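Here is a short briefing to read alongside the sequence and the model. Take a moment to get your bearings, and then follow the topics one by one.

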Amino acid sequence: MPKIRSFSAPWLQEPNPGHKLFEQSEENNRLPASTAFSRNASQGPNRTIAHRGNEVFVARGREIRWGDLADLKDAWEAHQSRTGSASHLNGDGSDSSFEVYDDETSRLPQGPGYRVIKTPVASEIRQLVISPNKDQLAVLTSHTVHVCMLPDTSHLTSGETAPFKPKFWTLGPTTHVTSKSAIVSALWHPLGVNGSCLVTVTEDAVVREWELSTIDRWSFDTPTLEVDLKRLADGTSVDQDFGASTSTNKAFSPDDVDMKVASACFASRNSNGWAPMTLWVAMAEGDVYALCPLLPRRWSPPPTLVPSLSVSVAQKIETLETDPEATPEEKLLAKQQLEWMADHDNQEPKLLDGPYGEVTEVYSRPSRPGSIPRLQGPFEFAVAPQDEQDDEVELKDIFVIGAKRNTADLMMGEDFELYADDDDKDSLSLSVICLLSTSGQVKICLDIDGVEAQWLPPRNASTRAFPDQDIPSLLVFHTFDTLKPAEVTPDSWPVFSEDVTTRYAFYVTHAAGITYVSLAPWVSLLESELQSDSEAGADFRFDLMAKGQRAEVDRIYTPQHAQNVLAAATAFKSSDLGHFVLSATHNDPVIMFFDTPESELMSDRQETPVSTEHGETPEPLTVWEPRPLFHPSEVLSRPSTLPPWVDVLRTSRKRPLMQQEVRLSVATLEILTDGHRLVSSEVFELNNAVAELFRKCEALTYELKEQITKVYEVNQRIETISGEGESRSTKEQNISEEMLVRNRIDVMKVRQENLARRVDNLRKRLGQVSTRELSDKEKAWAEEVRTLAGSILGDEEEEEEEDTTSASISTAGKSLKRFEEVQTLRDALFEQAQQLQSTDSVDGTASPMPVMKIPSEIRKQKVAQVMSLLDRETALVEAVKSRLEKLSID
């Protein structure tokens with residue numbers, strides 16, 4: 001989160017002209033804030049601030065205030081310099097009064113920094129939505145939509161003080177009326193031609209596309225596409241009629257509750273794949289639906305969108321052709337996407353001039369398979385068991401961050417690489433869907449499967465329904481609360497607001513304050529894991545990531561008084577004003593300035609060179625902690641209701657009592673009772689306001705003393721470093737600057753040596769822990785073992801496996817052959833001995849063959865030699881077998 005530098009802008013505070021941007025309208029000026037701004041608090045989101053560069057548009061009641069923040073700041077600085085020099089010359093700077101300042105500011109013209117824009121709306125303005133090209137402004141009430149053609153800045157800074165009346169168009173004069181359903185969202189389609197396509201979503205789940213043209217009045221009267229999501233959810237064929245019903249007599253239906261729309265959202269134009277043409281719809285009961293592709297009749301894609309879709313469709317078809325387990329639904333979907341791409345490829349684009357001199361390619365919406373896509377959903381939320389929470393929440397807003405462009409697959413085989421934006425470098429290849437409920441709970445969901453274009457099957461299709469269709473799902477990655485239980489109110493409508501520094505940061509605005517949320521801590525880590533080729537330990541790393549560092553959530557603003565409405569935060573970033581967030585209460589602005597990195601400041605200065613003849617003085621170092629600006633209660637400036645009550649009494653039937661002396665009567669008692677009730681309520685509010693103001697003034701003295709102490713400490717440190725200060729104990733001579741520098745260098749040298757020593761120790765430990773390569777001796781020993789095994793066993797031959805757990809052992813070798821030869825010789829000798837001993841005559845006499853007498857010592861010696869040879873060969877064979885078994889087991 002960027003560090004907050006300040007909570008105030010003096011040029012937007014009372015009594016400066018910039019404060020008029022946020023003052024109450026005349027019709028609500030005499031009403032209490034709780035009455036004027038709580039009556040419509042639950043009728044929809046409060047997005048009453050829009051901006052065009054440094055220009056800001058603020059809706060107040062039924063009018064719009066325009067202001068150039070840079071001009072307002074310059075005018076305030078010029079006024080401060082004039083008043084400061086005049087007071088210095090007159091010597092009465094300490095006696096300046098607010099009356100003189102009010103007289104001077106009242107004579108300042110409204111232009112060039114402030115202007116009032118008159119609108120034809122009949123009720124309070126709830127939302128301001130500016131077009132992508134900043135030339136049109138959608139003005140929304142609870143039931144109506146008006147489109148304002150914004151003039152050039154030069155027309156608004158002409159110096160005139162009269163209210164400005166630009167051209168307004170009423171969108172759907174017979175469609176968006178008070179007698180029909182309320183409007184919850186109005187979105188400028190990211191793929192509209194020159195940002196001229198407006199998509200409106202009503203509470204009864206009807207989506208309408210309006211392709212606006214200033215030369216065609218009928219484009220504001222009739223939508224080019226109208227889809228009733230309740231009918232589309234029950235549709236079975238692409239040829240059906242899914243338009244909104246024109247009947248005024250409506251019976252109750254469960255869909256009226258289950259499909260009550262809370263908000264809708266598109267992804268950004270530079271998202272990947274089908275994301276820019278996918279409309280995400282959040283229902284109040286908690287369901288989420290997707291409509292893809294939702295395109296206007298004429299649309300202009302970015303240069304990389306159509307090629308990326310062609311590559312993805314071709315890869316999908318190639319995969320399905322080789323997949324024997326592909327389902328009929330997948331084949332039909334691939335066929336429909338191929339028809340859609342073929343219809344688009346057969347078109348020749350029309351070239352139109354863009355707003356900034358660019359040439360825009362315009363295509364017609366493909367007519368095949370159909371102009372109305374299939375409604376995907378409701379999505380099932382995949383939640384971890386330890387993160388399961390109550391699903392019965394009422395959704396209020398949805399925010400979608402599209403996946404980054406996959407330039408690697410797009411430029412595969414090309415000689416050059418496509419330039420990638422800075423946002424795509426640290427982006428995620430998955431779409432992120434953020435859901436916000438009434439209780440302030442935010443769900444961060446990941447679209448793992450990816451939403452693709454889908455259509456209903458044609459009427460004559462053989463398989464028109466797929467009963468085994470998989471329910472789409474979203475992975476709930478993180479869930480957190482932005483509100484405390486005591487801050488939850490049933491009539492609040494929290495909203496999302498995008499940040500200007502990164503796509504993965506946004507603001508949550510609710511009645512209890514403004515919360516900054518950043519997803520950057522885990523986006524880069526998750527993307528590195530998704531793009532990694534190593535699957536070993538992936539489950540363990542994903543589990544650590546899910547349980548470890550999550551989103552960064554910080555409350556950056558909490559109102560001092562209980563407010564029922566707080567305008568949605570709007571982020572600004574410019575070289576003139578810096579980086580800040582602007583919001584508003586019912587009567588005052590809320591602004592927070594953030595620190596801007598020096599690298600961004602240098603880049604801004606290089607892009608916008610400014611003459612530096614006199615030189616710019618650097619900003620002083622901030623040594624204090626910023627705190628929210630204190631606004632006294634509006635009770636102190638609210639007119640009393642007692643005079644109007646007295647005027648009413650003078651014209652009522654009790655008028656005679658007002659002209660007589662006070663007498664004891666029932667009528668006098670009633671007058672005194674009513675007066676006491678009015679006075680007591682006002683005095684009670686005044687006492688609370690004054691007591692709060694006194695407490696703040698008392699706390700201000702303590703804060704001022706603390707700041708003085710901090711400044712004194714900083715001053716002492718600076719004097720010690722520069723050598724200008726004196727020693728407190730001895731009051732001796734000052735420390736020279738050269739000695740301080742030498743001491744500092746010595747300290748840094750010692751620290752460097754310690755760091756080098758620690759690095760060496762860590763390197764040794766890593767060498768002991770990590771696996772190292774084999775040494776030369778170990779490699780020579782292994783080669784010797786292999787040579788010995790080859791010389792003993794010879795060529796290995798395959799044998800049948802006797803056991804499934806042991807490897808086959810070769811029995812063909814030199815040693816085994818020698819052992820078999822010895823056994824053969826032994827058997828032959830035994831047979832010859834038996835033949836000699838069994839040669840008996842018929843009459844029982846000995847054989848006439850001479851008997852050779854062999855000494856017993858020689859016979860025993862020969863037998864011992866044979867047995868020793870047998871034992872030796874047996875031991876050798878057994879040793880080889882055991883060695884081979886050990887090697888096979890290892």
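This is a predicted model: local features need pLDDT of at least 70, side-chain atom pairs count only at pLDDT 80 or more; totals for chains, interfaces and linings use all residues.

**Salt bridges**

- Glu-63 and Arg-65 form a salt bridge through their side chains, at 2.8 Å from N to O.
- Glu-63 has a relative accessible area of 16%, which falls under the 20% cut-off, so this residue counts as buried.
- Arg-65 is also buried, with a relative accessible area of 5%.
- Helix H16, which spans residues 666–722, holds both Arg-677 and Asp-674. These two lie 3 residues apart, about one turn of the helix, and their side chains meet in a salt bridge of 2.9 Å, N to O.
- Arg-677 is partly exposed at a relative accessible area of 49%, and Asp-674 is partly exposed at 28%.
- Salt bridges with shared partners link Glu-63, Arg-65 and Lys-118 into one network.

- You will find His-19 in the loop between strand E1 (4–6) and helix H1 (33–36).
- His-19 counts as buried because its relative accessibility is 2%, under the 20% limit.
- The side chain of His-19 makes a polar contact of 3.4 Å with the side chain of Glu-23.
- Setting aside residues up to four places away in sequence, His-19 touches Leu-12, Gln-13 and Glu-14, as well as Asn-587, Asp-588 and Pro-589.

- Which residues cover the two faces of E11? Cys-197, Val-199 and Val-201 lie on one side, with Leu-198, Thr-200 and Thr-202 on the other, and all of them are buried.
- Strand E10 (residues 183–188) runs antiparallel to E11, and 5 bridges join the two. Trp-188 stands opposite Leu-198 in E11.
- Strand E12 (residues 206–211) is also antiparallel to E11 and is joined to it by 5 bridges. Val-201 has Val-207 of E12 as its bridge partner.
- E11 and E12 form a hairpin with 3 residues between the strands, where Ala-205 takes a positive phi near 65°.

**The sheet of E26 to E29**

- Four strands make up an open sheet in the order E26-E27-E28-E29, and their pairing is antiparallel.
- From one strand to the next, the twist averages 25°.
- E26 and strand E27 (residues 505–510) run antiparallel and are joined by 4 bridges. Glu-498 has Phe-506 in E27 as its bridge partner.

**Nonpolar cores**

- The largest nonpolar core has 37 residues. Those touching the most other members are Trp-274, Met-277, Trp-280, Trp-299, Trp-340, Ile-398 and Ile-433.
- At least two residues of this core come from each of strand E15 (279–283), strand E16 (288–291), helix H7 (305–321), helix H8 (328–345), strand E22 (395–401), strand E23 (431–437) and strand E25 (473–481).
- Helix H7 gives the largest share of this core, with 6 residues.
- Apart from neighbours within four places in sequence, Trp-274 is in contact with Cys-292, Pro-293, Leu-309, Val-313, Gln-337, Trp-340, Val-451, Glu-452 and Ala-453.
- A second, separate core has 25 residues, including Val-199, Ala-205, Ala-264 and Ile-372. Among them, Val-199 belongs to one face of E11, and Ala-205 is the residue with the positive phi in the hairpin of E11 and E12.

Definitions and conventions: Residues are numbered from 1 along each chain as its sequence is written. Side-chain values use heavy atoms; hydrogens and water are left out. Two strands pair if DSSP finds at least two bridges between them. Axes are lines fitted to C-alpha atoms, for helices over the stretch in contact, and angles run from 0 to 180 degrees between N-to-C directions. Buried means under 20% relative accessible area, exposed over 50%, partly exposed in between (1.4 Å probe, protein chains only). A salt bridge is a side-chain nitrogen of Lys or Arg within 4 Å of a carboxyl oxygen of Asp or Glu. A polar contact is a pair of N or O atoms within 3.5 Å; within protein, one must be able to donate a hydrogen and the other to accept it, and residues adjacent in sequence count only if both atoms are side-chain atoms. Contact means heavy atoms within 4.5 Å. A nonpolar core is a set of buried Ala, Val, Leu, Ile, Met, Phe, Trp, Tyr and Cys residues joined through side-chain atoms within 4.5 Å.
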